[in-house]
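Good morning, everyone. Please bring up the model on your screens, and keep the sequence beside it.

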Amino acid sequence: MAKFDVAVIGAGAAGMMCAATAAQRGKRVVLIDHASKLAEKIRISGGGRCNFTNINTTPANFLSDNPHFCKSALSRYTPADFVALVKKHRIGYHEKHRGQLFCTESAELIIEMLKDECAAGDVHWRMPCKIASVEHNDGVYILETDTGTIEADALVIATGGLSIPKIGATDFSYRIASQFGLRMVEPRPALVPLTFDPQAWTPFAELSGIALEVEVATGSLKGRNPTGARFREDLLFTHRGLSGPAILQISSYWIPGTPIVIDLLPGIDVAATLIEGKGTIKKQLGNVLAQWLPTRLAEGLLLAHGFALDARLADMQDAKLRELGAAINQWTLSPNGSEGYRKAEVTRGGIDTRDLSQQTMMATKVPGLYFIGEAVDVTGWLGGYNFQWAWASGVAAGQAV
């Protein structure tokens, strides 16, 4: 039987960060993972360059049923702290877009950095290692694994959510939470492409591959507890629906059965501009729209809304132009679902943070049991925010165990 101060299950971003932090405090730490390949989610992130943080991170960039929970950990371990670690390991990085920081070379460098930080504290590894059972007796956690029995005074669960099962995602964290009586916020795919009824989407399926900057909104942004959001990002048409950063962002807020509203030309009042141009512009309607939109999209929108491609702007009634303007500036459509966990970058929901300490990440009613990272009900926006939560929550637990 191997005995440790701390057992961390899950050797991803949060788990390695936690293990390294605890071990460098002098704790005897074992880091366990069922996969044979380390930190695959880090490896594939950011197109292989790992969008490892966002310098603009604030608690407002996260969704949770308990929105204040993330504030403590995020304030105590900031993007600047992680950037300092990256610099210490002499990893080149650059800002790509809206505060997003990427490795200049490869995500592998972040994995190697975290391994080196674990080595600095003499973390013990068990990988690949499958866990058959977890018990808590007399203040000690007993893990029965296929490499033998492990005992630990503290147990940290960092096994993530359900996103991207092909690289090893499981519901392990949820099963452990249930075993020890913690509540759950229903998990669902987030940062995920949205799909539409195949028959209704037929006019737009041919536009697959077209991308443009749009403004997309969903839900209610009014009142004391707004449920919606609005983003201005790129949108991508696919054969089955919509993707791109704009859709991934709004998907985290989208509630099934409700519509999303897309402004395909933010900054241009299409109806007013067309009506104003009727007396001076002699072009066909399709050619006018093609000044602002990709030609295929302009034509596709006209056909989908019953306009002839050769219709002349000067011949159009104002009422029809207002109808067209609304179709472009307030394109309202209801997804029938999403591409699911297979394509979701993260999982929204998870372990209810009302059952955890926001300072330490420990379960309030189960001494020595901690949950960190994507396993808990804290979900960041697209753009490095979820990695920052992994680092911050990992450090919070690593300092507390």
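Predicted model: local features only at pLDDT ≥ 70, side-chain atom pairs only at ≥ 80, totals over all residues.

Let's take the overall picture. The protein has 401 residues, and 53% of them count as buried. DSSP runs give 13 helices and 21 strands. Along the principal axes, the C-alpha trace spans about 85 × 45 × 40 Å. Now think about contacts with a sequence separation of 6 or more. Residues 24 or more positions apart make up 74% of those.

Next, a sheet. How many strands form it, and in what order? There are seven, and the order is β17-β16-β13-β14-β15-β12-β18. The sheet is open, and its pairing is antiparallel. Which strands sit at the edges? They are β17, residues 331–333, and β18, residues 337–338. Each of these pairs on one side only.

Look inside the sheet at β12 and β15. Strand β12 covers residues 194–195, and β15 covers residues 241–243. Two bridges join them, and they run antiparallel. Find Leu194: opposite it, in β15, stands Leu242. A helix also packs on this sheet: α7, residues 198–205. Helix α7 touches β14, β15 and β17. The direction of α7 makes about 145 degrees with that of β17.

On to helix α5, residues 108–120. How far apart are its end C-alpha atoms? They are 18 Å apart.

Which residues of α5 are buried? They are Ile110, Ile111, Met113, Leu114, Glu117 and Cys118. Now look down the axis of α5. The buried residues fall within an arc of 160 degrees, so they line one face of the helix. On the other side of α5, Ala119 and Ala120 are exposed. Just after α5 comes Asp122, with a positive phi of about 60 degrees.

Where is it found? It is in strand β19, residues 346–351. Is Arg348 buried or exposed? Its relative accessibility is 18%, and the cut-off for buried is under 20%, so Arg348 counts as buried. Six of the six residues of β19 are buried, so the strand is largely enclosed by the rest of the structure.

What does Arg348 touch? Leave aside its neighbours within four places in sequence. Its contacts then include Leu63, Asp65, Glu186, Arg188, Tyr253 and Thr379. Ser252 is another contact of Arg348. Here the arginine side chain reaches the backbone oxygen of Ser252 at 2.8 Å. Compare Ser334, which is 14 residues from Arg348 in sequence. Those two are 20 Å apart in space, C-alpha to C-alpha.

Strand β19 has a partner too. Five bridges join it to β11, residues 184–190, and the two run antiparallel. In that pair, Met184 stands opposite Ile351.

Last, the backbone angles. Cys50 has a phi near 55 degrees, a positive value in a residue other than glycine. Cys50 lies in the loop between α2 and β3. It is buried, with a relative accessible area of 0%. Ile164 also has a phi near 55 degrees. Its place is the loop between β10 and α6. At 11% relative accessibility, Ile164 counts as buried.

Finally, find Pro128, in the loop between β7 and β8. The peptide bond from Met127 to Pro128 is cis, with omega near -5 degrees.

Note on methods:
Residues numbered from 1 in each chain as written. Heavy atoms only, no water. Pairing = 2+ DSSP bridges. Helix = DSSP H or I, 4+ residues; strand = E, 2+ residues; numbered from the N terminus. Contact = heavy atoms within 4.5 Å. Axes fitted to C-alpha atoms, helices over the stretch in contact; angles between N-to-C directions. Expected span 1.5 Å × (residues − 1). Buried < 20%, exposed > 50% of the residue type's maximum accessible area, 1.4 Å probe, protein only. Arc of directions from axis to C-beta. Polar contact = N/O pair within 3.5 Å; in protein donor to acceptor, adjacent residues only side chain to side chain.
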